[in-house]
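Have a look at the model first, and then read on.

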Amino acid sequence: MCWLLLIVLIPGLPASSRAQDTAMPDTATRQEPGALDPDRVEQAQLYLRDNPISPPDTTSPRATLESFVFVMREASQLWNAVRQDYENSNRIFLTEEQRAKQVMITALLEKAAQTFDLSEIPVTSRERAGIEIALQLQEILDRIPAHDFSAIPGFPAGRFVHSAGNADLPERWMLPSTSISILRQETGEQRGNFLFSADSVGRIPDDYAVVSVLPLRADRGEDLFQYYIYTPGNLIAPRWYEFIEAGPGWLHRNFADQAYWQWLALAILLAAYAACIGFFVRWRRWRAVSVNERTRVGHSILNPVLVILSAVVFRYLCEDHINITGAVLVAIATITTAVIWSATAWLVYHLLQLIYLWFVRGPGTARQGLDASLLRTGFRVFSLAIALIVLGYGATQIGIPIYGVIAGLGVGGLAIALAAQPTIENLIGGVILYADRMVRVGEFCQFDELAGTIESIGIRSTRIRALDRTVITIANADLARRKIINFSERDQFHFRHTLGLRYETEPENLKRILAAIRDYLTAHEKVLAETTRVRMIGFNDYAVPVETNAYVLAPDYTGFLEIQEQMLFDIRAIIEANGSSFAYPSSTVYLSKDSEPSAVDPAKDTGQHPGKDRQVA
């Protein structure tokens, strides 16, 4: 039976290895109720033998336990053989054949770990943790009484009896003399299969700590789990470990499932990383900052890339060289994974910002016509959303239930909305500014008592360059509520001036001036003829006021000022050519000498009074 199971569970091994163990009781050959057709079973066996990723048989408690025992037995034999061959040789590195067998051992251990429910272990450390638990369970089984597989519910391993064939099996089966149970899975990809329960997986390290002081019931040599966790390298200790073995004895003492030499190596590695980080930070401070925005964003991408690379290298050194295991490995794997995914989200954000700069600043008429501020805001929101998605996926890799977090946000959404009300209000205000097209970047506007040119419209606030060249920052919500006068949206500019002519101007000359100015404005190519109006509007204290009114076509306010300037020069020339000029403020003072009142015949009064009259202008 053993060789049959090895064909099913360990495809790719030599035929001699598959048939070497025949001492197993032939329990699978008995015809049991509900047994499948032998021809169909043989076809399944052939498929699994030729398929290198064939899973273990977990269709019943018996199949699960047998699968684990047979896979671990073959892995242990192959492991010991490769170790003995390497230690007896004088080579520094493994041969190609030994490396291939090393890969095979790892695959067998991972296949044995597939009989566990590892859902409670973070994804990032699940593979290494599964191998450790498999080795611990193997050592537990070696220290407790042997099991009678025929007494375990279900068909033997290799039958793969699903559905109706295992409907009468119990939901849970407890391993005798232990608290380890095999449980039918109710959800997930393994639904209906029997796996060592998640509670048992969490209890196996404690059970191993208890039974590790007991003698082995089977002659299996050294404790492979002890060798696995206290030696460097991947399954097989490298040659440099001989220097540690020849060192002081205290290096091989252990604390928290790690040897002292492993703690020392980890401390040295952390110190080296801290020194490198300090040197890099100082180098970044000394380095000159480029004035080009695209260059600065390109340099900013270097930071998350270096963080990712350093985290990957740190984890590789801890796992494959120092061989940190147990809870410390889970902590390192969790922290490095969190750092890697956080840096990845950071990198994605900066990459999208670089794409924005390339798209907006790149050549092309269509790109130059885009509203750069609107596009920048959109890219920032889009980049932030993508970065948060990447960060959320990374959270699932370290065991944080992101969907539960999202559901929790629904419960706490009201509190978050109240706390972030000003920010949300400003965000909506910015959207309103864009949607209603109130203002755009580069336009000159007046906001109540403020006036200036719009420099940028961000997610939270708008920046305005005032006439005195100061920068005014106004919250979008506040700006959206203000009275906004947008001078840049004008298609016509109002030309309206009041001209003060001298009182000495003769009426005929004044009429000619009015007609000449009216004809000039009507004939001007930049003036709308139907809006032209030139009239004398009264008599002031020192001038005759003439109002000129027209609308001028100009592309912008600067262009209007240029046209207005030329028009004012031409109007002055018209006034001076017709015998008049502009009046300036003046007054006339009459001085007289007071005299005694006397009776004067009004009829004889000639208007002459004593004293001297003088006119002062």
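In which hand of crossing does α6 pass α7?

1. The crossing is left-handed as α6 passes α7 (left-handed if the near helix is turned anticlockwise from the far one by less than a right angle, right-handed if clockwise). Helices here are DSSP runs of H or I with at least four residues, and strands are runs of E with at least two, numbered from the N terminus.

2. A word on the source: this is a predicted model, where local features need pLDDT of at least 70 and side-chain atom pairs count only at pLDDT 80 or more, while totals for chains, interfaces and linings use all residues. Residues are numbered from 1 along each chain as its sequence is written, and side-chain values use heavy atoms, with hydrogens and water left out.

3. Back to the helix pair: the axes of α6 (residues 123-141) and α7 (residues 198-211) come within 9 Å and cross at roughly 45° (axes are lines fitted to C-alpha atoms, for helices over the stretch in contact, with angles from 0 to 180 degrees between N-to-C directions). α6 is therefore oblique to α7 (under 35 degrees is roughly parallel, over 145 roughly antiparallel, 65 to 115 roughly perpendicular, the rest oblique). Among the residues in contact are I133 and L137 of α6 and V201 and Y208 of α7 (contact means heavy atoms within 4.5 Å).

4. Next, look for the open sheet of three strands, ordered β1-β2-β3 with antiparallel pairing (strands pair if DSSP finds at least two bridges between them). β1 (172-174) and β3 (194-196) each have a single partner strand, so one side of each is left without a neighbour in the sheet. The twist averages 20° from one strand to the next. Three bridges join β1 to β2 (residues 181-184), and W173 has I182 as its bridge partner in β2. Helix α4 (residues 61-88) packs on this sheet, touching β1, β2 and β3.

5. Finally, β8 (residues 461-466) and β9 (residues 471-475) pair in the antiparallel sense over five bridges. They form a hairpin with four residues between them, and R469 in the turn has a positive phi of about 75°.
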